[in-house]
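Visitor: Before we start, I would like each label in this tour set against the rule behind it.
Guide: Then ask about the labels one at a time.

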Amino acid sequence: MSQRIVITGGASGIGLTLARRFAARGDRVALCDSDAAAVAAAQKAMPDAIAETADVTDPAAMDAFLGRVEAAWGGADVVCANAGTGGPAGRIEDLDHDAWRACLDVNLTGAFLTCRWAARVMRRQGAGLILVTSSTSGLHGVPHRTPYVAAKWGLVGLTKTLAMELGPAGVRVNALAPGAVEGDRMDRVVAMEAAASGRTEAEVRAQYVEGASLRSWVTADDVADTALFLASPAGHRISGQVMAVDGHTERMV
Ligand code: NAD
């Protein structure tokens, strides 16, 4: 049966792959993203989707976007709080307060605003699935990445707690924890971590491969496979879980 899927940060990377994969199986998709050019490209690729420019840290913009989704569909079956940013890299004593705050704002507060809306509509429906994109960084420590790691651990707490709050109302809440995903974003992260730690990009890249038991990175489609499974009838008893899609991370340093 066709589902109504909302995805934040849905105009590129994992979010766009989620949007494409859900749309390909006949679901209705609404996405928002702060990158207007990426939103325009996503809209062109998926003319039937609701695609809007909105920043997840802006309560008014999110209320407007989500309000339009609610008006169009009457609710939502799956809400993916996916928008995220890598934040700054460096020793904590050198980190800028504003950069710390901006990272927490997008990754954690953005998810709060998205989940708050999802909780309201899904509690009313008595059904639904919230998927929060955390990270293997939400299960391990990563030197020089304190704001991102703190935010991603925070999302695990958000997931566990919302699963308790909403479970009795029939709403499931799970986190996706991707490992290193092939793509532009990890290319940028590798460059940033190399600069912060004095290693070469090849060394940082090799460290991510060596740190996973399966000795490989993952793809956005691997992450989408897990999301589609959780959104399928086969996932109907799964809630409060952090689903790592990472080839089993043994260590991140
Ligand atoms: P990406 O940069 O390709 O995509 C993220 C999208 O979010 C972009 O389109 C960006 O414009 C959007 N975005 C950023 N800030 C926003 C804001 N304030 N409001 C609305 N949209 C915003 O990155 P990705 O790899 O697809 O990341 C998606 C999620 O997966 C993030 O939460 C990220 O932390 C997480 N993640 C990624 C990896 C990885 O290796 N790529 C690993 C673990 C977790």
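**Labels and their rules**

Guide: The side chains of aspartate 98 and arginine 101 meet in a salt bridge, with N and O 3.3 Å apart. The model is predicted.

Visitor: What makes the contact of aspartate 98 and arginine 101 a salt bridge?

Guide: The rule asks for a side-chain nitrogen of Lys or Arg within 4 Å of a carboxyl oxygen of Asp or Glu. The N to O distance here is 3.3 Å, so the pair qualifies under that cut-off. Both residues lie in helix α4 (residues 97-125), three residues apart, which is about one turn of the helix.

Visitor: How many salt bridges does the rule give?

Guide: The count comes to 14. One of them joins glutamate 52 and arginine 68, whose closest N and O atoms are 2.8 Å apart. Glutamate 52 lies in strand β3 (residues 50-53) and arginine 68 in helix α3 (residues 59-73), so the pair ties together parts 16 residues apart in sequence.

Visitor: Is glutamate 52 buried or exposed, and how do you know?

Guide: Glutamate 52 has 16% relative accessibility. The cut-off for buried is under 20%, so the label is buried.

Visitor: What do the side chains of aspartate 187 and arginine 205 form?

Guide: They meet in a salt bridge, at 2.9 Å from N to O. This pair links distant parts of the chain, with aspartate 187 in helix α6 and arginine 205 in helix α7 (residues 201-210), 18 residues apart. Aspartate 187 counts as partly exposed at 36% relative accessibility, and arginine 205 is partly exposed at 29%.

Visitor: Which residues do salt bridges with shared partners join into one network?

Guide: They are Glu210, Arg215, Glu250 and Arg251.

Visitor: How do you know that aspartate 246 has no salt bridge?

Guide: The nearest side chain of opposite charge, arginine 215, is 11 Å away. The rule needs a nitrogen and an oxygen within 4 Å, so no salt bridge is assigned to aspartate 246. Aspartate 246 is buried and is found in the segment after β7 (242-245).

Visitor: Which residues of the shell around the ligand are the closest?

Guide: The closest are Ser12, Ile14, Asp33, Tyr148 and Arg185, among 26 residues that surround the ligand. The shell divides into ten nonpolar, ten polar and six charged residues. Its largest share, three residues, comes from α6.

Visitor: What lies 3.3 Å from an oxygen atom of the ligand?

Guide: A polar side-chain atom of arginine 188 does. A backbone N or O atom of asparagine 82 is 2.8 Å from a ligand oxygen, and a polar backbone atom of glycine 179 is 3.4 Å from a ligand oxygen. Taken alone the ligand exposes 820 Å², and the protein buries 91% of that.

Definitions and conventions. Residues numbered from 1 in each chain as written. Predicted model: local features only at pLDDT ≥ 70, side-chain atom pairs only at ≥ 80, totals over all residues. Heavy atoms only, no water. Near = heavy atom within 4 Å. Polar contact = N/O pair within 3.5 Å; in protein donor to acceptor, adjacent residues only side chain to side chain. Areas by Shrake-Rupley, 256 points an atom, 1.4 Å probe, with all protein chains shown as cover. Helix = DSSP H or I, 4+ residues; strand = E, 2+ residues; numbered from the N terminus. Nonpolar A, V, L, I, M, F, W, Y, C, P; charged D, E, K, R; others polar. Buried < 20%, exposed > 50% of the residue type's maximum accessible area, 1.4 Å probe, protein only. Lys, Arg positive; Asp, Glu negative; His and termini not counted.
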